[in-house]
Amino acid sequence: MTQQRVKRVRDLVDGVLLLDKPVGLSSNDALIKAKRVLNAKKAGHTGTLDPFATGLLPLCFGEATKFSQDLLEADKTYLATVHLGVRTDTGDTEGQVLQTYPVDVTVEQIEAALARFRGPIAQVPPMYSALKRDGKPLYEYARAGIVLEREARNVVIYKLELVSYEAPFVKIEVTCSKGTYIRVLGEDIGAALGCGAHLNALRRIGVGALRAEEMITAEALLAHPAPLSLLAPVDALLSSFPRIDLTPQLAKRFLQGQRLPLGKEPAVVTPASYEGRVRVYEGTRLLGTGTLGEWAILAPERLIAAAQ
């Protein structure tokens, strides 16, 4: 007689965990481990970090998953170490060495090279990436020795600063738009210096308004006696949006999906001359997000189920 497996009952957990992802763990594996520790029913991450990379990986649980797309679109900040003089087939430490070059560059030459990559630039996505062609990720073609043509993508490097230079290692801090490949940036810097390069280390320290100072390590999460207390509230993902507070009557209408002309409501203070996305509350209760349009008309966007 075979025993039936008892299905684990997961809890309804809402919030955001700012995990310090360790080296060697994929973003999905990190999510699975955290979901198990928190016994959460629903979870998702906000964009992958390569296994060799470390740092800020926001994990969303429950109602927070509705807003994870906002972090996918957000700017990111990294600390990266570029190894000059060595090119690899993946552009990072996990690949095979293709070529080595002598390194004889100065700090002044590095600063001049970095200046070329600030602002809007075009990047060609690497073959070793998860971008798909005909339903297959590019890295599968690359592993088979196939190189496909890729169209350059427009990205923006908002900040690119030299942190230190101890030959052959250049440490930089980068703030960039979504879709930027730091591996490619490292290779391009090496090419600009005439000595080639690959990415030796990568650590993410910022995602949108979220910062590394609030992270917790995987070890600390596993050892914590009350791991749920480590979760930030759902609206931690929305702190960059202007806030609107509704009366109970307007909150009820908002949760029913109605558009609200707030310009005629003296009890509601709207951001002056603002049109765009907002976070919406009734008292301390987050109701969801909306868009504030012309004539201060508030349209519901994503709503918190527990608020209804």
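**Reading a predicted model**

Biologist: How many helices and strands are in the protein?

Modeller: Helices (H or I, at least four residues) and strands (E, at least two) are DSSP runs, numbered from the N terminus. The protein has seven helices and 19 strands. Its C-alpha atoms fill a box of roughly 70 × 70 × 40 Å, taken along the principal axes.

Biologist: Is P22 buried, partly exposed or exposed?

Modeller: Buried means under 20% relative accessible area, exposed means over 50%, and partly exposed is in between (1.4 Å probe, protein chains only). P22 has 25% relative accessibility, so P22 counts as partly exposed. In the protein, buried residues make up 46% of the 308 residues.

Biologist: Which domains does UniProt list?

Modeller: UniProt positions are given in the numbering used here, feature names are shortened, and annotations may be inferred rather than shown by experiment. An unreviewed UniProt entry lists "domain: Pseudouridine synthase II N-terminal" at residues 35–182. That span is 17% helix and 39% strand, and its end C-alpha atoms lie 28 Å apart. The unreviewed entry also places "domain: tRNA pseudouridylate synthase B C-terminal" at residues 183–237. Here the chain is 29% helix and 27% strand, with end C-alpha atoms 27 Å apart.

Biologist: How many salt bridges does the count come to?

Modeller: A salt bridge is a side-chain nitrogen of Lys or Arg within 4 Å of a carboxyl oxygen of Asp or Glu. By this rule there are ten salt bridges. One of them joins the side chains of D50 and R183 (3.5 Å, N to O). D50 sits in the loop between β2 (43–45) and β3 (54–61) and R183 in helix α5 (residues 182–192), so the pair ties together parts that are 133 residues apart in sequence. D50 is partly exposed, at 28% relative accessible area. R183 is buried, at 8%.

Biologist: Where are R302 and D70 in the chain?

Modeller: The side chains of R302 and D70 meet in a salt bridge (3.3 Å, N to O). R302 is in strand β19 (residues 297–303) and D70 in helix α2 (residues 68–72), distant parts of the chain that are 232 residues apart. R302 is partly exposed, with a relative accessible area of 25%. D70 has 11% relative accessibility and counts as buried. A network of salt bridges links D70, R277, E301 and R302.

Biologist: Which strands hold E173 and K159?

Modeller: A salt bridge joins the side chains of E173 and K159 (3.1 Å, N to O). E173 lies in strand β11 (residues 169–176) and K159 in strand β10 (residues 153–166), so the pair ties together parts that are 14 residues apart in sequence. K159 counts as partly exposed, at 31% relative accessibility.

Biologist: Which residues form a positive surface patch?

Modeller: Patch residues have over 30% relative accessible area and no salt bridge, and like charges are joined within 9 Å. Lys and Arg count as positive, with the charge placed at NZ of Lys or CZ of Arg. R8, R10, K33 and R36 form a positive patch. R8 lies in the segment before β1 (15–21). R8 is partly exposed, at 45% relative accessibility.

Methods
Residues numbered from 1 in each chain as written. Predicted model: local features only at pLDDT ≥ 70, side-chain atom pairs only at ≥ 80, totals over all residues. Heavy atoms only, no water. Patch = residues over 30% accessible without salt bridge, like charges linked within 9 Å, V, L, I, M, F, W, Y side chains within 5 Å. Areas by Shrake-Rupley, 256 points an atom, 1.4 Å probe, with all protein chains shown as cover.
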